[in-house]
There are 2 protein chains.
Amino acid sequence: MKPRLLIVLLVAMVAVSPSGIQAQQHPSLFFTARDVAAIRAGAAKYPLMKASLDAAKATMDSAFAHPMDVPQPGEAGGYAHERHKQNYREMQLAGELFQITGDAKYARFVRDMLEKYAVLYPTLPANPYAKDQAPGKLFHQALNEANWLVATSIAYDCVYDWLKPAERARFEKNIFRNMSDWLSVNQAKEFDRIHNHGTWADAAVGMIGYVMHDTTYVNNALYGTKRDHTGGFLRQLDLLFSPDGYYMEGPYYIRYALMPFFQFAEAINNNQPELHIYDYREGILKKGLFAALQTTFPNGVYAPINDASRSMDVTSPETVLALDLAYGHYGPDSNLLGEAAIQNEVILTRGGLAVARDLAARQTPPKVAWKSREFTDGPDGKDGGLGILRSGAGADATMLLMKYGVHGQGHGHFDKLHFIFYDGGNEVVPDYGFSRWINIEPKDGGRYLPENDSYAKQTIAHNTVVVDETTQSAGNYQVDEKKSAQRDFFDASNPNVQVMSARADGFYDGVRMQRTMLLLKDSRLPHPVVVDIYRLTSQAQHTYDYPIHFRGQLIATNVKYKPNTTEQKALGARFGYQHIWNEAEGPVDSVARLTWLDGHRYYTVTTAAGSGAQMILGRTGAGDPNFDLISEPMMILRTTGGDQTFASVIEPHGYFSELEERSADATGVVQNVRVIASGADGTVVQVTGGAGLKWVVMLNNGPASATAKHHVVAGGQTYEWTGNYSVSGVR
Amino acid sequence: MKPRLLIVLLVAMVAVSPSGIQAQQHPSLFFTARDVAAIRAGAAKYPLMKASLDAAKATMDSAFAHPMDVPQPGEAGGYAHERHKQNYREMQLAGELFQITGDAKYARFVRDMLEKYAVLYPTLPANPYAKDQAPGKLFHQALNEANWLVATSIAYDCVYDWLKPAERARFEKNIFRNMSDWLSVNQAKEFDRIHNHGTWADAAVGMIGYVMHDTTYVNNALYGTKRDHTGGFLRQLDLLFSPDGYYMEGPYYIRYALMPFFQFAEAINNNQPELHIYDYREGILKKGLFAALQTTFPNGVYAPINDASRSMDVTSPETVLALDLAYGHYGPDSNLLGEAAIQNEVILTRGGLAVARDLAARQTPPKVAWKSREFTDGPDGKDGGLGILRSGAGADATMLLMKYGVHGQGHGHFDKLHFIFYDGGNEVVPDYGFSRWINIEPKDGGRYLPENDSYAKQTIAHNTVVVDETTQSAGNYQVDEKKSAQRDFFDASNPNVQVMSARADGFYDGVRMQRTMLLLKDSRLPHPVVVDIYRLTSQAQHTYDYPIHFRGQLIATNVKYKPNTTEQKALGARFGYQHIWNEAEGPVDSVARLTWLDGHRYYTVTTAAGSGAQMILGRTGAGDPNFDLISEPMMILRTTGGDQTFASVIEPHGYFSELEERSADATGVVQNVRVIASGADGTVVQVTGGAGLKWVVMLNNGPASATAKHHVVAGGQTYEWTGNYSVSGVR
């Protein structure tokens, strides 16, 4: 750990002497009495606040219309599981509405439901449906129990003063202390873990601690159960984010963790403002939120790297919550306001009010316009990073993402130098995401499925080269977790020639990998084009598999393949290959071209794959006895050698509408890609096509340097450039 | 042919003595001078007319901004093909806009483009890219040439008076007569064919005939080239529709044919009103349009039976055109207005104006509310039919369609007793549609692909029983075209118990098939449920395959199957089975259950399949060397025997949202289906499930009769009912 950081931590510890909790009035977690008055007034003026308030009331009207039920615990994804989730959501809403409207029916709802939990909870053992997880009691995992407690803390805070002392005493004894002890004592390991599960548990116990005025719970939550800052909320803020705010588990999990991070931060801020939690680590919470939003596709979906759903997006309640709280604390921001317009709801807080007010003041909301951006990874920012190149605006924007950071803990994948290409409203060269049918009971209770380990995490499930049909670090999590890829260079200063480069050495014994990806905008082409130059070097001979996953329909290829029409076999037996059907295979004559259709647009990948390459056309679904996998196609280019450079262009082109029965430009403009040279001096790649298109891409293969001069002679021609790269011919 | 019909025809022939063409003024095809004035005035008052007019102008602004191009002919789906299509669309719009705005730039556009065609057209031979089709010159098929001429006739009519006589003479000689002769003389067989290609050709030649005041062309178009009414437009109106207006080729092709039918009808009406074309055959044009609209799903997509696109819908220009013309002639109709609101555009005619006016007069457009309906098939209505049961309204409506009519000419499929189930916004138990990537050049020029014959047309590609792994009529088109299935009974009078039944005998030697489908609405279930009772009888032993095609993800089944995880084989070698991968197979213990997820809803099919049945889980994609097929799953229940009754329930249930990470009721309510009896006397099926659900369905297996009494004793119980069916237990 950096000395500077240690000092910050020590200062923080000193600041919170055991009885440092200020606020003794309620509510003081989610909002204060003053906030409540402002929200009440604002709802009359700002349509979005009114709509959100009305939606909350409608949800509660529906809750009032149905019998209250606090069932015996059950399986993940089953009725009881879903019911307890619904209950805590309703209690939180009811608490908030009680404060805002003053209508006692909402307070009664919270009390009546807590009475039921006060009867049930003390009778519960550890939940018997837990598998590998730390168990809860109401839920199969402690994580869900923490979710319950975070929401219910807010509800309890809102009705605290309205309840009779005997009721409070009963709820605190039977439920809240019981549950807090379960989370922070029985499950202390999970509680102290530097992981989103730890954050949830800390937030839960810390928040109910504030409501109950219990310093012990609060300090455990802030500094860990040992109070030595090896666990706890602040430690998580130190270690789970890079200095840029990138969260090591990736976008899907930061989305999830945004809720406890921001809920607890808000509670801390209201109760211990002297901690200046929103400024902690130079505003890491703000950076974390912005990094999360900047890793979304132009359609608002979080890029599904690592274990991740394919459809989680910025409208998720966690994102709404974090955005509104951040907006309230850090002040107006055009991109946040644009995202808020997409969310089209606000939370019932001071921040939500500010968002509603600023949107009401505008004729049309601002457009979200995230820029190309590189994020460092690792707590000190030295463990590689994540590069994002963007072009265009709105729904038709293009985004190219390359992953070269840390493994990212238990939800990480073996996917160094993996990329995702998003274009025309679709994830065109996709990440498979997780293998999980979340919350679907018949699919193993909605848990992660075996194919998540055996396929989704494996290298071949990603768009990065697989060496010897083996996963990076031989698929060993402990080994992989200790390594990271390395940033090489990143330059988005020229909107027509954007480039990012990274290296990953040692993920395969004796193999060094360097990938440089460019997003080029040429006026002769309708859309930005990806140029991908993937260089591998090794003393020994290896098999290199260069995969491109896609969706939609294969349209054409120049490869004369042999299709497996009456019988097909799995492509291998392990490292994910056992999940791929070998649909066809054929030899590549120097350049492989493949065109597919995805949505309304065609995509052609043209790859110089070297001599003796084979194209394999595959499809997920083999080795999948329970039909857990989603059936999707892929193309793999396989070569054998020591040093190998794959140079590809991915070109979006044309238009297709089945409804309109219209097709245009089903064949792309790019015709050829050639690796002219690729050695220690540098790599030179030439791309040619129709309309006189001729690009030459020159790359530095040595240590990154913006000033070093390079000189490569190949085919009787001399190529000279200064710095890490040079691209000629883009008009 | 019926005597009554013959008389109508003779009367019609008499009415049109050679020089019977009235109108000598222009325009007189698409609209008249009086209509034009009304449109001009209406555009100021009715938003939809203004928007449509603005859209037309915007299209032309874009056309003016690009160089005019009349290229040498090319391949289907290629640039030249698409360009000539664009050209005729632009000429038609320009002609209309010239009339409405009076701006000569539009007339000049038409003239300048016709000048180019007048140079090109006389030089053209038969198009060399034709394959099995009657060739055009500009296009690979005469059909597209007719499309061109229909649109250009309107354009020419609009600028006729503005052109110089020499220009007209040149265009008529070089283009119009040339093309008309090609279509009606060189391709006379196609011209006289009772088929949508014939309709297009007739409309094209008839319409340009009116503009050129050439009675010969007109009469050829109306009565066939032999003038004996064995071909021609009127004969097509007689034979291509059943008396109910159902078009024998099916919804996708009537959608296409609506355009020439209505364009030509409008032209006839304007030029020879004495023909009363809109009243011909008791208003068959109106019936045809209504039948077309009533075979759409609740989302507006035409049910893709026979050769058909999966996404063609009511917003297609042909439907807009026919709807507006029909609205203008037959008067206001709430369902038409509802569909027009979905279309959100009108054509620039008197009918379009009426639609725009009536929509402008309402706060909200009326909801489309098609009812359950049976259509007869065949020109005299005696060749079976098509049954459609509907429940609910709007986007969440349910639709069950069963097909039991004629083969439907060259685009027909071998799919008697096939059904489609539409629910929750999705085609849940789907029809594969056609195997064609329409207009995509690399996919064989956008033509029908080999897999259309070898898979899409075959019986196994549909949801109907396949006997001995062989297609109906052994896949012989000529044989199948001569037969039809037969209507049995249809009763939609009780909205909670709707039923349709049909028979198909002789499609397999010695095998009689009867399928009865019910749509039941029980207050204990959230959605209507399908009950399907499929009875086969035969003296000989056969293999019966009962297929259910689905989309989305398999969630669970009660069958202990053996998955093919490392190797899989095609399910057969012919009749479509060569295109199905055998993914898994297992024995059924009396009742087979399978649950899948499609969109936000789960579906469970529960089938009593008899003893010794096997479940096969398959997926399309085998035997598909060019990746033409779409990869989709299916379930097949296979039994062997003589008499066999499959009884199934298809139950929609629960909710899933990956975005919200919410799942509910992934297991259905229906638990068991039992065939209690199924003999000559009748079939008795019992369905049981949670919430005390117990339905008994009793069916008459003899000739349909609403009054016959039935009596079946089985398992010590007596079942008695009157009429074709009885259902007990639906609450």
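In the predicted model, Pro27(B) sits in the loop that separates helix H1 (3-15) from helix H2 (33-43) of chain B. Chain A shows a cis peptide bond between His26(A) and Pro27(A), with omega about -5°. Pro27(A) is placed in the loop between helix H1 (3-15) and helix H2 (33-43) of chain A.

Confidence was examined next. The pLDDT of chain A averages 94. Of its residues, 97% score at least 70. Residues 1-20 of chain A, however, have a pLDDT below 50. Beyond near neighbours in sequence, this stretch makes 28 contacts in the model. For the complex, the predictor gives an ipTM of 0.92. The pTM is 0.93.

The interface joins 55 residues of chain A to 55 residues of chain B through contacts. Together the two chains bury about 4400 Å². Carbon and sulfur atoms account for 57% of that area. Between chain A and chain B there are 0 salt bridges. Polar contacts are present: 22 residue pairs across the interface meet the rule, with both residues at pLDDT 80 or more. On the side of chain A that touches chain B, several elements give two or more residues. Among them are helix H4 (79-101) and helix H12 (251-271). E12(A) gives the most, with 4 residues. By class, this side of chain A has 25 nonpolar, 15 polar and 15 charged residues.

E14(A) pairs with strand E14 (residues 567-569) of chain B. The sense is antiparallel, over 3 bridges. Within this pairing, Gln568(A) has Gln568(B) in E14(B) as its bridge partner.

Chain B holds an open sheet of 6 strands. The strand order is E6-E11-E19-E18-E15-E13, and the pairing is antiparallel. Strand E6 (466-467) and strand E13 (562-563) of chain B are the edge strands. Each of these two pairs on one side only. E6(B) is joined to strand E11 (residues 542-549) of chain B by 2 bridges. These two strands run antiparallel. Opposite Val466(B) stands Asp545(B) in E11(B).

The structure holds 63 of them. One pairs Arg551(A) with Glu427(A), whose closest N and O atoms are 3.4 Å apart. Arg551(A) lies in the loop between strand E11 (542-549) and E12 of chain A, whereas Glu427(A) lies in strand E5 (residues 426-429) of chain A, so the pair ties together parts 124 residues apart in sequence.

Leu417(A) has a phi near 70°. This value is positive, in a residue other than glycine. Leu417(A) belongs to the loop between strand E3 (398-404) and strand E4 (418-423) of chain A.

Terms used
Residues are numbered from 1 along each chain as its sequence is written. Chains are lettered from A and ligands numbered from 1 in the order in which they are written. This is a predicted model: local features need pLDDT of at least 70, side-chain atom pairs count only at pLDDT 80 or more; totals for chains, interfaces and linings use all residues. Side-chain values use heavy atoms; hydrogens and water are left out. Contact means heavy atoms within 4.5 Å. Buried area is the accessible area (1.4 Å probe) that two parts lose on being put together, summed over both. A salt bridge is a side-chain nitrogen of Lys or Arg within 4 Å of a carboxyl oxygen of Asp or Glu. A polar contact is a pair of N or O atoms within 3.5 Å; within protein, one must be able to donate a hydrogen and the other to accept it, and residues adjacent in sequence count only if both atoms are side-chain atoms. Ala, Val, Leu, Ile, Met, Phe, Trp, Tyr, Cys and Pro count as nonpolar, Asp, Glu, Lys and Arg as charged, and the others, Gly among them, as polar. Two strands pair if DSSP finds at least two bridges between them. pLDDT is the predictor's confidence in each residue, from 0 to 100.
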